[in-house]
Amino acid sequence: GTLTISDLTLEGDLDLLPGGNMHVNGDSFTVDGAVLINDSASTTNSWVQFNGNAAVTGTGRFLLGGGGDDSQMFTNGTTVTFGPDQRLEGEGRLSGAWVHNGTVEPGLPIGSIVGNSGSFTFGDSAVFEVQTDGAGSGDRLDYNSGTVNVDGEVRVALSYVPAVNDEFVLVSAPNINGIFNSVAVTIGSLPTNIDVRLVYTSNEVLVKFVCIADIAEPFGVLDL
C-alpha cells in the first residue's frame, strides 16, 4: 500500500514492507526513529518518494534493507537535505538530488548504495563510514549517471589486515567534485608500516593502503 505523510515527526520505527511505499509531502520530516525500507530483503520493491524540497532532521536513520531495486529512495524533481544527526544505511538505489550532512554507511555489511541519476552531495559535517574485507572489496557509493560532490570525513573499518597497495573503490560517478577532508581507520588496526590515503581520478575516489613514508601522489613511489 501507499502511505502519504506531510511535515511529520517520527519517534519510533516505520517499516515499509515489501511492495509498500511512502510519499513525503511538505518541507520538513523529523525522524528520531528509523525508516526501514524493505528490511526483509524481499525481491518485491519498496520505496520512499519525496515530493517537496524537504529538510530531514532529528537523530534517526533510513535503512535500505533490500538491496538493488528492492529498496529505493527518490525525489520528485526536488532536493532533500539530511541533517547532521541523520544516518543513511544499507544497500539500495537513489534517484534525484540529495544533500547529506550526517552519516552515510553503505553495505549489509559490504555493499553499495547505487545512484541511478541525479546528484549526491556530502556536506562538510558528513561522515562516510565504510568497511573493507579484502583488496578490491569494500563499501561504496556508485552513481550510474549524474554527479557526486564529496566533503566531510571518511572512516574505514577493517575486517582484514591490508597489504601495501591494497585498494578499493569508495565513490564512482561520471562527475566527481571536491575532496574529502580526511580519511582514517577507526575500527581495526593497520600494520605499523602502512597508512591509508585517498586517491582521486576523474570518475572515482579510491581508498589505498600505502607505505607509511608514501605521503603524496603518485602512491607507490617512495617520497624522499
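Analyst: Let's start with a term: a residue is buried under 20% relative accessible area, exposed over 50%, and partly exposed in between, using a 1.4 Å probe and protein chains only. This is a predicted model, where local features need pLDDT of at least 70, side-chain atom pairs count only at pLDDT 80 or more, and totals for chains, interfaces and linings use all residues. Residues are numbered from 1 along each chain as its sequence is written, and side-chain values use heavy atoms, with hydrogens and water left out.

User: Okay, why is Glu-167 called partly exposed?

Analyst: Its relative accessibility is 31%, which falls between the 20% and 50% limits, so partly exposed is the label.

User: What makes Lys-208 and Glu-167 a salt bridge?

Analyst: The term asks for a side-chain nitrogen of Lys or Arg within 4 Å of a carboxyl oxygen of Asp or Glu. Here the N to O distance is 3.1 Å, so the pair qualifies. Lys-208 belongs to strand E24 (residues 204-211) and Glu-167 to strand E20 (residues 167-172), so parts 41 residues apart in sequence get tied together.

User: How do you know what counts as a strand?

Analyst: Strands (E, at least two residues) are DSSP runs, as are helices (H or I, at least four), and they're numbered from the N terminus.

User: And why is Lys-208 called buried?

Analyst: Its value is 11%, and the limit is under 20%, so it counts as buried.

User: What links Glu-89 and Arg-61?

Analyst: Their side chains meet in a salt bridge at 2.8 Å, N to O. Glu-89 is in strand E11 (residues 87-90) and Arg-61 in strand E9 (residues 61-64), 28 residues apart. Glu-89 is buried at 12%, while Arg-61 is partly exposed at 29%. Both also take part in a salt-bridge network, whose members include Glu-105 and Arg-155.

User: How many salt bridges does the structure hold?

Analyst: There are 10.

User: What makes the Gln-49 and Asn-51 side chains a polar contact?

Analyst: A polar contact is a pair of N or O atoms within 3.5 Å; within protein, one must be able to donate a hydrogen and the other to accept it, and residues adjacent in sequence count only if both atoms are side-chain atoms. This pair sits at 2.6 Å, so it's inside the cut-off.
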